[in-house]
Amino acid sequence: MLSERARAAFRSALGTDRVFEDAATRALYASDETPHRVEPDAVLFPASHEEVAALARTAFEHRVALTPRGAGSGNVGGALPSPGSVVVSFECMRRVLEFDPANRLVVVEPGVVTEDIDRLARTQGLFYPPDPGSGAYCRIGGNLAMNAAGPRAVKYGVTRDFVLGLRAVTGSGEEIRTGCRTTKGVTGYDLTRLLVGSGGTLALITEATLKLLPAPEAVATLRVCYAGNRDALAAVSRVMRQAVTPCALEFMDRRAIDAIRPTGAADDLPGATQALLMVEADGAAADLPRQIAALEKALLGDGLLDMRSGFEPEVITRLWAARKSLSHAVMRIAPLKINEDVVVPVTSLPDFVDFLEHTAQAQRLPIVSFGHAGNGNLHVNLMVHPDDADEMVRARIALEAILLRVLALGGTLSGEHGIGTEKRRFVPQEIDPVTLDLMRAIKRQFDPHGLLNPGKLFPDP
Ligand SMILES: Cc1cc2nc3c(=O)[nH]c(=O)nc-3n(C[C@H](O)[C@H](O)[C@H](O)COP(=O)(O)OP(=O)(O)OC[C@H]3O[C@@H](n4cnc5c(N)ncnc54)[C@H](O)[C@@H]3O)c2cc1C
């Protein structure tokens, strides 16, 4: 529970109507996409940068831990309240502060929904490329904290590549401004890139200046079916070796295809299909045939069963909706998914999926893989029954083996979901002690009392 003094101070900073301590609100903000629940002591709803600064100063003075939160769609416990903390929800900070098409930028508060930024940009012939599958409801603040990405990352890059500057509040309540409004700038250290992906552990982001690009004139989609995972991922490697970069290169294995069957999006696939690629090209309409021809050439190869383009727009919309529903659709297989978001070099993908298959057989577990293959980023889901102790042990063995293999292949533990509470114990496997100590020192500089999102990102000492 909040102390009387802390409660009074938060109320005076935000007003009584934006400090909630009732049981229903605390229950509502107790979870994210992970299966865990921790009720916060209170939930705060600041409406401006100034209010965020005031609440952070209050928290600093009264030593109250803060859990920043966007839409709570994160898969790694980043927005899961740490015990005894207060949630800072950015839902009331959803203003677009500036839209400057001539300078191709937009300035937004952290509570703006990601797809709304893209929608706004397109009214002036521009677009905002980062497109996480949750884009219809996740908030840009959460995207910034997690360095979120989506299918278009293979051509355009991730959230971090579209942030020109930030305004934020440190753990002691001080305002900082990072970056600039221009697409070039090298004054001082690049704190923008440091804050993006820091999972709410260094500062509360209150404003972001985002870069926009001219919207592509047209998009063309290929749906390509293969007889095996290895065949499909060998094709991914061939695509990335040639000159035309697709704006999406997504992979689904057989179990993922089965999971989307109820949507109808897999009805007309050849019966022998074991793996599917969704490949898109974008740009000037006149240039698309050239791009598609180059991609088709690269996609030809062993195990190819079917390659189609020229779909009706509704078919493409349905296919993408099915792809984006996968994160939840796989739950039909088992009640709990242990959801990894690993990345390996693109050329290692075929060997990596062989290893996954071997691990699935050895540990008698369904493993479902899909994701952004053009970046080497696969969502590897170990589907388990949490009340089956033996299965849980096997899942843990499988998980350790998979993560070790990822690192051995020169990959990384998380491509876009971040570390949060779920992956932090594995961090020392990737980051050496000296580098980790430097990261801890940086954290102390931003957040001297360790009040910003404690229990996240760093392993226990
Ligand atoms: C169906 C589904 C599909 C998904 N697809 C993708 C995908 O394709 N790509 C992808 O990258 N992710 C994906 N995700 C994961 C998730 O949507 C992203 O991580 C997203 O960025 C989280 O945004 P959010 O607003 O829900 O943030 P939350 O989950 O609320 O928070 C995420 C993190 O950001 C911190 N945070 C939030 N706001 C701020 C702020 N203003 N200042 C500082 N820290 C802050 C939180 O403390 C937490 O650590 C998916 C999730 C689901 C459920």
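A backbone N or O atom of glycine 70 lies 2.7 Å from an oxygen atom of the ligand, a polar contact in the sense of a pair of N or O atoms within 3.5 Å. An N or O atom in the side chain of serine 73 is 2.6 Å from a ligand oxygen atom, and at glycine 133 a backbone N or O atom lies 2.8 Å from an oxygen atom of the ligand. The protein buries 97% of the 980 Å² that the ligand exposes when taken alone, with areas from the Shrake-Rupley method and a 1.4 Å probe.

This is a predicted model, in which local features need pLDDT of at least 70 and side-chain atom pairs count only at pLDDT 80 or more, while totals for chains, interfaces and linings use all residues. Residues are numbered from 1 along each chain as its sequence is written, and side-chain values use heavy atoms, with hydrogens and water left out.

Around the ligand there are 37 residues, of which Pro68, Gly72, Ser73, Ser134 and Ala149 come nearest; a residue counts as near if one of its heavy atoms lies within 4 Å. Strand E3 (66-69), helix H5 (140-146), strand E10 (203-211) and helix H11 (313-329) each supply at least two residues of this shell, and H5 gives the largest share, five residues. Helices here are DSSP runs of at least four residues and strands of at least two.

The ligand sits in the largest pocket, meaning that more than half of its atoms lie within 2 Å of the pocket's grid points. A pocket is an open set of points on a 1 Å grid over the protein atoms alone, where a 1.4 Å probe fits, with protein on both sides within 12 Å along at least five of seven lines, and its lining residues have an atom within 4 Å of a point. The largest pocket has a volume of about 900 Å³, and among its 49 lining residues Ser73, Gly74, Asn75, Ser134 and Cys138 are the closest to its centre. H11 supplies the largest share of this lining, six residues.

Technical notes: Polar contact = N/O pair within 3.5 Å; in protein donor to acceptor, adjacent residues only side chain to side chain. Points joined across faces, edges and corners; volume = space filled by probe spheres on them.
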